Structures are given as structure tokens and as C-alpha cells.
Amino acid sequence: MSEALNTIAEQLVAEHRDGVKFHKFDGIAGLPDAYRVQDAYVAAIIGDDAPAGYKIGLTSKRMQQMCGIDQPICGTIFSRNVFRSGARLSLTHYGRLGLEFEICVRLGRDLEAGSEPFTPEQVGEAVDAVAAAIELVDDRHADYSALDINTLVADNSWNAGVVLGDFAPPPARLDVLEGIAYQDGTELARGHGADALGHPFVPLAWLANHLAANGRGLRKGDIVMTGSIVTTRFPAGPFAYRFDVAGLGSVEVSGS
């Protein structure tokens, strides 16, 4: 990787540390470079932790419209940022915390590079469990009217963790499941599994193929967030959210 891209990764580390607002980096020529910067950034901050899996973002029309980007993106989830339902968070730990309401899948076996191209049906057969989940994102007060996909990807696609409900065996039809998001007991919005590119296994296949193109594979035990089916919420003060997915269960998070 070029010295210029390494420098951008180092700047990302410093800007997160110093609370700098998200902004575009002009030195990232395209998505291949963006993922190279992401790799360097992740390597710089992961320390002695380990990856728990991946987030996939921008898999629903409402999220693509919100961000002005028309394709999925991905980032690494760190094990230290995986929380159980009922987690209580502090807003001071984030530049600006966003909550995204999703279906998470867990791999029951490896999907090795060299076996691609993967289809949704093939990756679905590798899934051993699913759960209602809330992704934590940190957009650092980004300007969504001028959002740059390359910088977003470089910044680990904004993943700041996940909150997981209980895992259960995959139902026959993930696409028809309805998810309802609540704030302080009041319904906010609804979405369906089909909102994630038609079926949550479609973005999962996209991720498996994306990783394979770079000589990587999904591993048994990896968790994968398949994209928000409800528009991101940004708590500004004390908050309590719940996400119910019919047939899967619920997940809750609160904080101040």
C-alpha cells in the first residue's frame, strides 16, 4: 500500500482520538484504495482484540437514499464492541452515536475464498443462527448532503459495535419477517427482511464475494450485520430503544 494511503489511515486514528468531525479525504482514488485504508486503519486500532465478524451497510433503499450512495459497503466488527441485549452505553464514548436496526446472521461453517462466486442460497446454507440486532455507528457529525463513499469505507464504514439479541435457528423465510423499532416504548418505524436487498442472504453473498475477491473468507462463528431496515436514529440525550423482529425476538439498548 502506498505511503499516502498509510498516512490517511494514521490521520483517521488521530481524528477519532481528537474528536475531529468526519470529512472527505481527497487522496482516496476509489473503493479499492478505500478498503486498503480501512485494512490499515483496522490494523492500527484493533490491538490485542480480534474480529468478531462484519457489518454490511447501505442494503436498503431508505438507507441508500439517506446517505446518497447506491451500493453496499462493509466494515470489521471488533469483539470488544459486541454487547448483549440490555447494554447501557455512554454517548461520550462516540463522536455521534447512531443506532441501526438489523437482522444479524451467524456462520455455522467457513465460506472459503476460492469457492466463489457465492449465491444467496449457498451462503444461506452456511448460516446456523440469526438474531435481532442493533448496530452502533459513529458518523462523527458527518454532512450527509456531501457524503463521500470512499472516506466512509476507509473509516471502517463507521462501525462502532453491535448489540445482539438471542440467536435462534434461521426461520424458513427471513425476507417476510417484520421488524419494529421503538423508542421509550413508542413505535418509531417498521421494516422487513426483504428491505435488505430483497433478502438478508443477498448482502451476505455480496460480502462473501467481496472478501473472496481479496483472498479472504468468512469463518465459522463470524457474525454479519446485514444492513438496517429502519432509518438510523441519533440519540441526543438519555435513550432507550427496542427492536422486535417477529419470529426472532427482541434486542434492547439504552444509555445517556
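A: Let's begin with the words for angles: under 35 degrees counts as roughly parallel, over 145 as roughly antiparallel, 65 to 115 as roughly perpendicular, and the rest as oblique. Keep in mind that this is a predicted model, where local features need pLDDT of at least 70 and side-chain atom pairs count only at pLDDT 80 or more, while totals for chains, interfaces and linings use all residues. Residues are numbered from 1 along each chain as its sequence is written, and side-chain values use heavy atoms, leaving out hydrogens and water.

Now for the pair of helices. The axes of H1 (residues 3-18) and H2 (residues 31-45) come within 8 Å and cross at roughly 50°. H1 and H2 are therefore oblique to each other. The residues of H1 that make this contact are Leu-5, Asn-6, Ile-8, Ala-9, Leu-12, Val-13 and His-16, and they meet Asp-33, Arg-36, Val-37, Ala-40, Tyr-41, Ala-44 and Ile-45 of H2. The axes are lines fitted to C-alpha atoms, for helices over the stretch in contact, and the angles run from 0 to 180 degrees between N-to-C directions. Contact means heavy atoms within 4.5 Å. The crossing of H1 and H2 is also right-handed; that is the name when the near helix is turned clockwise from the far one by less than a right angle, and anticlockwise makes it left-handed.

Zoom in on Leu-12, which belongs to H1. Leu-12 has a relative accessible area of 0%, so it is buried (buried is under 20%, exposed is over 50%, and partly exposed is in between, with a 1.4 Å probe and protein chains only). Once neighbours within four places in sequence are set aside, Leu-12 is in contact with Phe-25, Val-37, Tyr-41, Arg-140, Ala-154 and Asp-155.

What does the side chain of Glu-15 make a polar contact with? The partner is the side chain of His-23, at 2.9 Å. (A polar contact is a pair of N or O atoms within 3.5 Å; within protein, one must be able to donate a hydrogen and the other to accept it, and residues adjacent in sequence count only if both atoms are side-chain atoms.) Leaving aside neighbours within four places in sequence, Glu-15 is in contact with Val-20, His-23, Phe-25 and Arg-140. Its relative accessibility is 11%, so Glu-15 counts as buried.

Head past H2 and you reach Asp-49, in the loop between H2 and strand S1 (51-57). From the C-alpha of Leu-12 to that of Asp-49 is 19 Å, with the two residues 37 apart along the chain. A polar atom of the Asp-49 side chain lies 2.9 Å from the backbone nitrogen of Arg-80, and one lies 3.4 Å from the backbone nitrogen of Ser-79. Not counting residues up to four places away in sequence, Asp-49 touches Phe-78, Ser-79 and Arg-80.

Ile-149 is in helix H5 (149-154). It is buried because its relative accessible area is 17%. Residues up to four places away aside, Ile-149 touches Leu-31, Ile-69, Gln-71 and Ile-73.

As for peptide bonds, the one from Glu-116 to Pro-117 is cis, with omega near 5°. Pro-117 lies in the loop between strand S5 (97-107) and helix H4 (120-125).

Notes:
Helices (H or I, at least four residues) and strands (E, at least two) are DSSP runs, numbered from the N terminus.
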